[in-house]
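User: I would like to learn how to read a model like this one. Please take me through the features in turn.

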Amino acid sequence: MSANISATSYKQLEQKSKLKNMLLRWFLYFVLILFASYFIFPLYVMIVTSLKTMPEIRQGNLITWPSQLNFKPWAVAWGGRGYGAGDTFLRPYFWNSIKMVVPAVVASTFIGAMTGYVLTKWRFKGDSWIFLFLLFGCFIPFQAILLPMARTLGVLGISNSILGLVVVHTVYGIPFTTLFFRNYYVSIPNELIKAARIDGAGFFKIFFKILLPISAPIIVVTVIWQFTQIWNDFLFGSTFSFGEAAPIQVALNNMVLSSTSVKEYNVDMASAIIAGFPTLIVYVLAGKYFIRGLTSGAVKG
Amino acid sequence: MFKWLEKNLPKVVLAPAVGLISWFVYGFILWTLYISFTNSKILPKYELWGFGQYTKLWASRKWLIAVDNLLIFTALFLIFCIVIGIILAIFLDQKIRAEGVLRTIYLYPMALSFIVTGTAWKWILNPTLGLQKLFIDMGFENFTFDWLVNREMAIYTIVIAGVWQSAGFIMALFLAGLRSIEDEIVKAAKIDGANLFTVYWKILIPMMRPVFFTSFVVLVHISIKSYDLIVALTQGGPGISTTMPALYMTQTAFHKSQVGLSAASAMMMFMAVAAVIIPYLYSELRRENVS
């Protein structure tokens with residue numbers, strides 16, 4: 001008899017905990033989706049605003065869907081209105097950014113790879129101090145180097161030029177690229193290098209024939225990291241360039257802040273999406289590598 | 001000569017990186033430090049002037065506002081990012097369907113520049129057409145939301161946008177931390193009768209101490225350097241109510257042409273970052289040496 005009772009109550013208990021579990025899971029999904037909507041909200045608002053006309057923006061609100069898709073703001077943001085002076089649009093600055101990003105990413109990645117290679121495979125006394133010496137460069141607030149950098153670029157005759165920005169981004173990218181490659185190469189067995197040296201391979205041959213072919217993942221991480229950082233930079237861009245040599249983030253900021261004409265929020269939003277598009281695409285396509293860079297190069301504003 | 005080169009090739013290859021960083025990082029910081037002790041205005045002067053710029057800095061109302069704002073921003077930014085980051089990480093760790101999609105959504109703001117997100121938030125927080133209008137349209141007729149143009153509240157709009165941008169990153173750090181802990185520990189605790197809440201609160205979260213430490217360093221570092229977001233959202237306004245040290249430094253240097261004073265403010269920022277980073281690097285290195 002008593003055994004019977006406990007059996008039913010156990011069953012009840014089990015059912016109860018099942019229900020509790022289900023409720024808990026609903027709660028989990030509810031909170032997760034709530035946060036997801038908070039994160040997606042600005043992107044949604046940007047997209048719908050960029051597709052509305054100005055009268056529609058004034059009538060409706062942030063989330064109303066455009067009555068018909070209006071791509072004019074995109075055309076204006078990218079190519080302007082076509083009336084010469086005072087007509088700012090992103091196309092030339094987009095290319096400025098490309099011209100700045102590509103050489104700076106290639107140069108800083110290459111220097112970082114070579115430096116990381118020496119620091120792990122050709123070790124010498126005091127090399128870890130050199131690593132620390134370089135690593136510290138990841139953390140400095142750039143305000144501490146802004147003034148002398150401005151003067152140096154002036155002395156070199158490359159202030160307010162894309163070349164100047166390439167130099168700046170290459171130099172201040174080296175600590176990060178070195179960190180990435182050093183941490184990657186440290187995990188590659190030294191026996192591999194030793195064997196190659198016994199076979200008579202030299203410094204460069206070992207790098208190009210043995211290490212480089214297995215470096216693809218870390219090259220991807222580094223290139224994505226540097227690309228995102230340099231594309232998104234505003235401090236250097238706004239300090240060391242203006243007018244026609246400005247990169248896209250600076251141009252976007254100038255467009256949005258310009259008080260010359262009536263505010264066109266749809267054009268602002270289209271411009272912001274254009275300026276964010278390249279890094280967003282890279283993130284969506286190669287998120288895994290992006291996150292790896294983020295978690296290992298963590299400390300940068 | 002050739003022999004020497006062959007023997008010292010690794011050091012020769014190392015030279016560009018070491019040379020560039022010595023000059024552009026250490027040399028430049030020393031230059032800024034030196035200039036902060038001079039009475040430089042538009043052009044740098046090299047006669048020493050003592051601590052004059054630092055006294056001037058700490059007597060400046062604008063700088064004090066900037067420091068105040070930095071403290072408010074850092075505190076709120078830390079709390080919200082870490083709390084949201086932990087909640088999302090723990091919830092995502094419960095064998096959630098579509099985890100990959102959710103993670104991608106939480107983290108995408110990190111791929112965007114602060115200028116892009118600042119532009120978006122400026123529009124959302126627009127005092128007439130933004131959130132205010134949305135809520136009025138939803139039936140809250142007397143709803144007002146004017147933080148962006150309100151001296152007292154504008155700093156909190158920067159917190160909102162900053163948290164939105166960085167919370168997903170803290171989530172990623174904590175999720176990686178949780179995943180690196182052995183399942184055995186959780187299983188053992190459950191066998192001992194601990195429920196899920198206790199497992200997290202008493203066992204897993206305390207084990208996350210290094211992740212807390214990293215998050216703290218990362219977030220403080222971001223907040224000290226905050227510049228782009230403020231430029232895009234408020235430009236330090238209304239008035240000077242949302243000025244922060246990084247903005248103060250560039251404005252003093254490039255708009256007011258007070259090179260000495262701005263160098264002093266830059267050195268204060270440098271010291272603040274160093275105070276956080278040096279212990280961090282030290283502990284990281286010690287951990288690496290132990291393992």
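Analyst: Helices are DSSP runs of at least four residues in state H or I, strands are runs of at least two in state E, and both are numbered from the N terminus. The model is predicted. By that count, chain B holds 13 helices and zero strands. Its pattern along the sequence is α-α-α-α-α-α-α-α-α-α-α-α-α.

User: How do I read the overall dimensions of chain B?

Analyst: Start with the extent of the C-alpha trace, which is about 75 × 70 × 35 Å along the principal axes of chain B. Then set the radius of gyration beside the globule rule. Chain B has 24 Å, whereas a compact globule of 291 residues would have a value near 19 Å. Of the 291 residues in chain B, 44% are buried. For contacts in chain B between residues at least 6 apart in sequence, 68% link residues at least 24 apart.

User: At what angle do the axes of H13 of chain A and H5 of chain B cross?

Analyst: An angle over 145 degrees between N-to-C directions counts as roughly antiparallel. Helix H13 (residues 265-285) of chain A and helix H5 (residues 114-124) of chain B cross at roughly 155°, and their axes come within 9 Å. H13(A) is therefore roughly antiparallel to H5(B). The crossing is left-handed. From H13(A), the contact uses Tyr265(A), Asp268(A), Met269(A), Ala272(A), Ala275(A) and Gly276(A); from H5(B), it uses Val116(B), Thr119(B), Ala120(B) and Trp123(B). By class there are seven nonpolar, two polar and one charged residues in this contact.

User: Why do residues three or four places apart point the same way in an α-helix?

Analyst: An α-helix has 3.6 residues a turn, so residues at that spacing point the same way. The contact residues of H5(B) can be read with this in mind: Val116(B), Thr119(B), Ala120(B) and Trp123(B).

User: How many residues of H5(B) are buried?

Analyst: A residue is buried if 20 or more other C-beta atoms lie within 10 Å of its own. In H5(B), eleven of eleven residues are buried, so the helix is mostly covered. Among them are Phe114(B), Trp121(B), Lys122(B) and Trp123(B).

User: Why does Ala272(B) count as partly exposed?

Analyst: Ala272(B) counts as partly exposed because it has 19 C-beta neighbours inside 10 Å. Ala272(B) is located in helix H13 (residues 259-290) of chain B. Ala272(B) lies 45 residues from Tyr227(B) in sequence, and their C-alpha atoms are 16 Å apart in space.

User: What is the handedness of the crossing of H7(A) and H10(A)?

Analyst: The crossing of H7(A) and H10(A) is right-handed. The axes of helix H7 (residues 162-185) and helix H10 (residues 216-232), both of chain A, come within 10 Å and cross at roughly 155°. The two helices are therefore roughly antiparallel to each other. Residues in the contact include His169(A), Gly173(A), Phe176(A) and Tyr184(A) of H7(A), and Ile218(A), Trp225(A) and Gln226(A) of H10(A). The contact of H7(A) with H10(A) has eight nonpolar, five polar and no charged residues.

Note on methods:
Residues numbered from 1 in each chain as written. Chains lettered and ligands numbered in written order. Predicted model: local features only at pLDDT ≥ 70, side-chain atom pairs only at ≥ 80, totals over all residues. Rg over C-alpha atoms; globule rule 2.2 N^0.38 Å. Buried ≥ 20, exposed ≤ 12 C-beta atoms within 10 Å, placed from the backbone. Contact = placed C-beta atoms within 7 Å. Axes fitted to C-alpha atoms, helices over the stretch in contact; angles between N-to-C directions. Parallel < 35°, antiparallel > 145°, perpendicular 65-115°, else oblique. Left-handed = near helix turned anticlockwise from the far one by under 90°. Nonpolar A, V, L, I, M, F, W, Y, C, P; charged D, E, K, R; others polar.
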